[in-house]
Each structure stands twice: as structure tokens, then as C-alpha cells.
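Hi everyone, thanks for coming. Let me put a structure on the screen, and then we can walk through it together.

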Amino acid sequence: MKQENIRNVAIIAHVDHGKTTLVDRLLWASHVFRENQQVQERVLDSNDQERERGITILSKNISITYKGVKINVIDTPGHADFGGEVERVLNMADGALLIVDAYEGPKPQTRFVLSHALERGLRIVVVVNKIDRPNADPEGAVDKVFDLMVELGATDAQLDFPVIYASAVNGYARTAPDDDNMDMVPLLDVILDEIPAPEVNEDAPLALQICTVDHSSYEGRIGVGRVHSGVIHEKENVLVVKPDGQESKAQIRKVYTFENLGKEEVEAAVAGDIVAVIGIEDADIGDIVTDPENPQEMAPIAVEEPTMAIVFEASTSPLVGREGDIVGARQLKERLLREKESNISMRINELEDKSGIEVAGRGVLHLSVLMETMRREGFEFQVGRPRVVYKKDANGAKLEPIEEATVDVPNDMAGKAIEVMGNAGGIMEDMAQDETMTHLTFKIPTRGTMGLKTRILNATHGEAVLFHHFLEYGPYSGEMTGRKNGGMIAMSTGKAVAYALDTLQERGRLFVGPGDECYEGMIVGESAKEGDMVVNVEKTKNLGNQRSSTADKAIQLTPPITFTLEEALEYIEDDELVEVTPESVRLRKRILGATDRKKAAKK
């Protein structure tokens with residue numbers, strides 16, 4: 001039977017195509033907020049970093065009620081590093097809103113998520129957003145979506161998709177770009193008419209598969225998933241079947257359904273609804289919660305393996321403790337093991353020699369989001385260079401993660417982009433051109449993507465758009481060259497002086513300004529030549545009793561280069577570390593003393 005009073009819909013979009021803003025407007029349209037209520041924009045981006053970076057990091061569930069039908073809306077991340085989230089949450093949906101920018105059309109990231117949605121047979125509703133933009137071409141965007149869906153092997157039924165034209169910022173949705181409707185009702189109507197109601201059997205034994213895991217310091221692990229059949233009650237005894245077949249008994253302590261922006265505790269939830277359950281101690285993704293007397297089988301959920309790892313260590317910097325409150329190795333270990341409880345997409349383990357904690361994730365952005373969260377909590381720590389996670393095949397040969405990278409670049413810059421990709425180990429798979437843009441597709445080792453975005457943007461004067469996502473494990477492609485230029489390494493601990501920096505800036509690019517605290521072994525700049533150079537940033541002018549015509553010339557310093565966390569991680573080499581504090585991101589040598597470094601190099 002169909003559960004006509006429920007719709008489960010996922011939202012798919014490229015980063016910055018207006019997905020979270022559109023959800024805001026749906027919440028307003030269904031009167032979740034009072035008319036005069038003060039609500040922050042992008043209400044679903046509850047995390048500070050999501051607001052600052054303008055991206056969705058965590059998948060979220062909300063529900064809105066329209067014409068007596070409960071619409072469960074699943075907001076999905078638009079960035080490939082969080083792609084593991086997307087693939088899992090699509091299991092809970094019967095349809096998807098595909099949001100595309102009326103000017104840009106579908107982007108590579110959209111392709112990645114859309115292909116998964118089509119494989120699962122979801123009903124797609126296309127929402128062409130930002131139709132109020134100058135140069136918007138809504139009809140052209142729809143044509144591009146059609147071409148993309150044909151390319152991805154959509155069925156005839158999927159290709160017959162409904163289209164809604166919207167401006168989420170202005171709060172309206174329309175069935176035609178030029179009609180005069182000024183509210184979101186057409187979109188809500190299309191969701192009810194086009195997204196199929198869940199096909200379920202309430203009388204069958206219970207079957208629920210956990211798709212995401214939340215964590216509460218009071219309640220422990222919270223499993224979130226869709227009830228596929230039967231009814232789930234609180235205080236019910238259930239059988240939990242792990243993906244590897246291991247079985248255990250548990251009692252459901254509480255059942256929550258999603259109501260507006262929060263959760264509501266209920267005594268029972270019916271098949272077709274999305275629920276959060278408490279009581280399964282080690283709830284994990286892919287776990288099947290079912291009837292002990294009549295267990296149900298379900299297809300397993302694959303959790304994508306991490307492809308990049310980084311080691312966290314307690315800071316050994318001479319400046320340790322000046323900016324952060326939490327500096328101990330024990331507190332760092334406790335914090336990361338706590339993260340392991342709630343963050344299923346990361347693999348977090350202590351190193352055998354107890355020197356640090358290795359955290360493996362899906363990419364540099366994925367790892368840097370955790371670091372940024374921790375520095376805001378007052379932690380000081382240091383991390384080494386990210387390294388890729390290798391595997392071995394059946395014959396013992398080394399395999400490494402390979403990514404598919406796509407570059408959209410103006411035609412006259414295509415040659416430069418191809419050269420940069422080639423130097424990073426990329427192999428071109430496809431090339432397509434229209435009047436203005438070239439679309440390039442490459443296979444590239446994950447190692448080659450480190451710092452690639454910066455190099456591509458520099459080579460194409462900021463005109464290129466790069467996107468890459470994990471494709472497969474392939475044969476190891478040999479050694480890669482690292483950074484060509486050496487570093488300027490401070491020889492002593494103290495504050496940088498303008499006079500010293502003035503002479504140093506002629507020999508390279510500086511990372512510090514006058515008055516910045518430096519210490520022996522800290523990387524204060526990049527030399528214009530190969531090989532590291534030990535420099536004195538505290539050197540002051542010798543004051544004699546002679547005056548010369550050039551003595552009082554004003555010192556003019558070029559502003560120093562400042563690194564974001566991701567840029568710093570991609571910049572360093574194997575013998576270097578990034579020191580992370582609540583206020584600073586510093587680069588340093590692993591061995592601080594110059595003589596100690598020489599001894600280590602001889603070994």
C-alpha cells in the first residue's frame with residue numbers, strides 16, 4: 001500500500017546553487033515560523049563553519065506539513081569530500097529536487113550525486129533557481145539537465161521530468177519563467193503530485209536500515225533511517241544485524257520523528273517515515289533493525305573508504321600555550337576518540353608508538369573541517385603532511401586512490417590547464433568545447449590533487465573551475481615531485497623586524513609581517529630558489545654616527561602571504577608540520593634546530 005500522507009524528498013545541488021536558501025523558503029511557505037518571527041538566513045546551516053564557508057557539511061533532516069501531507073526534506077552536502085553522506089541519505093528518499101543555477105546550469109558535482117539518484121530510480125523534479133539573475137538562461141539550463149540525464153542513462157520516465165522556475169532569495173516558484181506568481185506554492189504542489197508516496201507494508205515485520213548516525217552526550221548513539229516495513233514502537237525488543245552478519249538484541253528506548261526543524265518523541269512510527277531511534281548501543285551505518293522472530297534482509301549500504309590520512313600530535317612549538325587553552329596530548333586523544341563516536345565517515349586510530357592519532361578522511365577539506373572545529377574549541381596541536389591511504393591487490397602490488405577531475409576553463413586558457421594537470425600526473429580522458437568554454441576530464445592520482453586548485457587558478461588567472469571526486473583504486477603511478485622552492489627558516493626566537501624583512505623580501509615571498517612572533521625552525525617565507533635558507537628575521541639596522549643620503553629611506557613591505565588551513569596542509573612537505581592554534585596557522589620544520597636537521601639529513 002502507499003503511505004499517501006508522507007513524501008520523502010532529497011535535495012541535490014552544486015555548492016552555492018541556492019539549496020539551503022530554497023529550504024528556508026519552503027519552511028516559511030508552510031508556516032513553520034510566525035509571520036513576525038526573527039529567523040537567521042540559511043537556517044539549516046547551523047554549524048558556524050557551514051555559514052562561513054557557504055557549504056553544507058552535514059546532511060540534515062527536517063519536515064514540513066502541506067495540505068495534511070508530511071514532507072520529509074533531506075538536505076545533502078554539495079561537496080565531494082562529504083559525498084559519503086549523500087550516497088547514504090539517498091536510501092531514505094523516493095524522489096529528489098535537483099536544483100540548478102539558471103545561469104551556470106548543472107555542474108560536475110551535480111553529475112556525481114544525480115548519477116546515484118538515477119541508479120536508485122528516484123523521481124527527479126528539476127528546480128531552475130536564480131531566474132532573477134542577470135544573464136540567466138532558464139530554458140538553456142533545462143536543456144543542459146536533459147542532456148546530462150541522457151548521458152547518465154536515465155529512463156524515459158525519468159527524462160519526462162517536471163520543471164519549476166524559482167528565485168529562492170525572492171521567495172517565489174513558478175511553472176513558467178515569465179508568469180507572475182510570487183510564492184512557493186507551485187513547488188509544494190509539484191512535490192505532492194510528482195514525488196511518489198512511499199510503497200510500504202505496515203503489516204509486515206519491522207525493517208529499518210540506519211543511514212546516518214548522530215551522537216548525544218546524554219543519550220549516546222542515535223540511529224537515523226527510514227522504516228521500510230512494519231511499525232516501530234518505543235520499548236520494543238529488536239534484532240540488530242550488522243553488515244557483516246553479526247547479530248545482537250537491543251531495546252528501542254525512544255523513537256523520534258522529524259517535525260519542522262526539530263525532533264518529536266512518538267510512541268510508534270509507521271513504515272515510510274524517517275525516524276531517529278535511541279537504544280542501539282553501537283549503532284552504525286548499514287545496521288538493520290528488524291523483528292527478532294521474523295528477521296528481514298536488506299541490501300547493504302557501502303560506506304566509502306577514507307582516501308587521505310593525517311597525524312595529529314600535541315604541539316611542541318616554543319610558543320605552545322600562548323593562544324590556546326587545551327594543549328595536552330591526553331586531551332587531544334580524548335577529543336579525537338570522541339569524534340570517532342559520532343563521525344562515521346572518518347577512521348580515527350592511535351599510532352602504535354603512541355606518538356599521535358591518525359585521522360583518515362575523504363580529502364583535505366574533510367580533514368580541515370575537523371581541525372577548524374577543534375581550534376575554535378581552544379585546542380593547540382600540530383599536524384603532518386596529509387598522505388594518501390594505499391592498498392595492495394591480490395598479487396601484493398601497490399594500489400593508490402585515483403580521482404576523476406573535471407575542469408571547465410575558457411577556450412584560450414585550456415592549454416595552460418592541461419599543462420598543470422599533466423604535471424600533477426593527470427591523464428586526459430575527454431575534451432569537449434563550445435563557443436566559449438572547454439570541458440576537460442582527467443584521471444589523476446589523489447596525491448596529485450594536493451594544492452592543485454591553487455596552481456590551476458594561478459595558471460588560468462582565476463578563470464578555471466576544478467572539481468574532483470574519488471573514482472577507484474588503481475596501480476601506483478610512481479614518485480611525484482614536491483614543492484620546487486625551498487623555505488626561509490628562522491634562525492632564532494623573537495619578533496620579526498621590518499628592517500630584516502625588507503632585505504628578505506628581495507629573495508622570495510614572506511609569510512610573516514613586522515611584529516609577528518617567530519621561533520627557530522619556523523618557516524617565515526618561500527625562497528625564490530631551491531633548497532632551504534636559514535634567515536635572521538630579527539636583524540636591526542646598525543646605528544653609526546655617519547649619515548648617508550639613503551639612510552632614512554622608508555621601508556616598503558609587500559603584505560605577507562597568509563594561509564588558510566587547507567592551503568597550509570597542501571603546501572608543506574614531509575619534513576614539515578602545520579602548527580594550529582585558535583588564532584594562528586604557522587608552518588614549521590619537524591626538527592627545529594638547523595644543526596639537528598643537518599645531522600638527520602646525513603642519516
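Let's start with a question: is strand β5 (residues 123-129) largely enclosed by the rest of the structure, or is it exposed? 7 of the 7 residues of β5 are buried, so the strand is largely enclosed by the rest of the structure. By buried I mean under 20% relative accessible area, with exposed meaning over 50% and partly exposed in between, using a 1.4 Å probe and protein chains only. Strands here are DSSP runs of E with at least two residues, helices are runs of H or I with at least four residues, and both are numbered from the N terminus.

Before going further, some housekeeping. This is a predicted model, so local features need pLDDT of at least 70 and side-chain atom pairs count only at pLDDT 80 or more, while totals for chains, interfaces and linings use all residues. Residues are numbered from 1 along each chain as its sequence is written, and side-chain values use heavy atoms, with hydrogens and water left out.

Back to β5. In a regular strand the side chains alternate between the two faces of the sheet. Here R123, V125, V127 and N129 point one way, I124, V126 and V128 point the other way, and all are buried. As for partners, two strands pair if DSSP finds at least two bridges between them. Strand β4 (residues 95-101) pairs with β5 in the parallel sense over 7 bridges, and I99 stands opposite V127. Strand β6 (residues 163-167) also runs parallel to β5, joined to it by 3 bridges, with V163 of β6 opposite V126.

Now for the packing. In soluble globular proteins, nonpolar side chains tend to be buried together. I'll call a set of buried Ala, Val, Leu, Ile, Met, Phe, Trp, Tyr and Cys residues a nonpolar core if they are joined through side-chain atoms within 4.5 Å. The largest one has 63 residues, and I124, V126, V128, M149, I232 and I280 touch the most other members. A second, separate core holds 31 residues, including L336, I357, L370 and V580. If we say contact for heavy atoms within 4.5 Å, M149 is in contact with L114, L118, I124, A154, Q158, L159 and F161, leaving aside its neighbours within four places in sequence.

Next, a stop in a loop. P177 is found between β7 (172-174) and α7 (185-194). At 25% relative accessibility, P177 counts as partly exposed. Leaving aside neighbours within four places in sequence, P177 is in contact with I131, P138, E139 and Y165. For E139, the C-alpha to C-alpha distance from P177 is 8.6 Å, although the two are 38 residues apart in sequence.

β30 and strand β32 (residues 523-527) pair in the antiparallel sense over 3 bridges, and G508 stands opposite S527.

Finally, the charges. Side chains of opposite charge can pair when their charged atoms come close. My cut-off for a salt bridge is a side-chain nitrogen of Lys or Arg within 4 Å of a carboxyl oxygen of Asp or Glu. A search of the whole structure finds 27 salt bridges. One of them joins K67 and D189, whose closest N and O atoms are 3.1 Å apart. This pair links distant parts of the chain, 122 residues apart, with K67 in the loop between β2 (60-66) and β3 (69-75) and D189 in helix α7. K67 is exposed, at 61%, whereas D189 is partly exposed, at 23%.

Which parts does the pair of E573 and R385 tie together? E573 and R385 form a salt bridge at 3.8 Å between the closest N and O atoms. E573 lies in the loop between α13 (565-571) and β34 (576-580) and R385 in the loop between β21 (381-383) and β22 (387-388), so the pair ties together parts 188 residues apart in sequence. R385 also meets D574 in a salt bridge, 3.4 Å from N to O. E573 counts as buried at 18% relative accessibility, R385 as partly exposed at 28%, and D574 as exposed at 58%.

That's my tour, and I'm happy to go back to any part of it.
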